[in-house]
Amino acid sequence: MEPEVVNSEMLLPPVLPFKRVQMSDKYPKGHARGRHWKHLKQILQAENYPSYPANEPNYLNIETPPSMYPSKKFCDITGYEAQYIDPRTNLRYANPDVFKRIRMLPDDHVQRYLALRNAAVVLK
């Protein structure tokens, strides 16, 4: 540095705003490092729900009406959202590659896939 700057009586701030702050300086030992999330089990224990009236809604007795949106259909092979259904086997599929794979499946495998989603059908 230049001698004028060194000999001057300027005070520099201890932390410069353009420098990164070390985590040890930002959070000294024993201090919290941010937001802590509670799990449902911790919430239930802390709230003492047995003392609440039975008709008051809480995490233990919450009831909701059925969804207003239509249920999503998923591909039986890949698990992606399925837009198509094979008319011969009634299996849902997401893309043409899966359709080719479905057409190569033996009937007993097709029956197993249908049984997984409780839609077992006797194939002709």
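**The chain as a whole**

I began with contacts in the protein chain between residues at least 6 apart in sequence, and found that 15% of them join residues at least 24 apart. I kept in mind that this is a predicted model.

Next I looked up the elements: the protein chain has five helices and two strands. Reading from the N terminus, I noted the order α-α-α-β-β-α-α.

The protein chain has 124 residues, and 14% of them count as buried.

**Entry on D86**

Where does D86 lie? I found D86 in the loop between β1 (84–85) and β2 (92–93).

Is D86 buried or exposed? I wrote down buried, because its relative accessible area is 0%, and the cut-off for buried is under 20%.

I also looked at its side chain, which makes a polar contact of 2.7 Å with the side chain of T89. Setting aside neighbours within four places in sequence, I listed L91, Y93, F99, I102 and R103 as contacts of D86.

**Entry on T78**

I placed T78 in the loop between α3 (40–47) and β1. T78 is partly exposed, since its relative accessible area is 36%.

Which residues does T78 touch, not counting those up to four places away in sequence? I found A94 and V98. T78 and V98 are 20 residues apart along the chain, yet I read 7.9 Å between their C-alpha atoms.

Last, I noted that a polar atom of the T78 side chain lies 3.3 Å from the backbone nitrogen of Y80.

Notes
Residues numbered from 1 in each chain as written. Predicted model: local features only at pLDDT ≥ 70, side-chain atom pairs only at ≥ 80, totals over all residues. Heavy atoms only, no water. Helix = DSSP H or I, 4+ residues; strand = E, 2+ residues; numbered from the N terminus. Buried < 20%, exposed > 50% of the residue type's maximum accessible area, 1.4 Å probe, protein only. Polar contact = N/O pair within 3.5 Å; in protein donor to acceptor, adjacent residues only side chain to side chain. Contact = heavy atoms within 4.5 Å.
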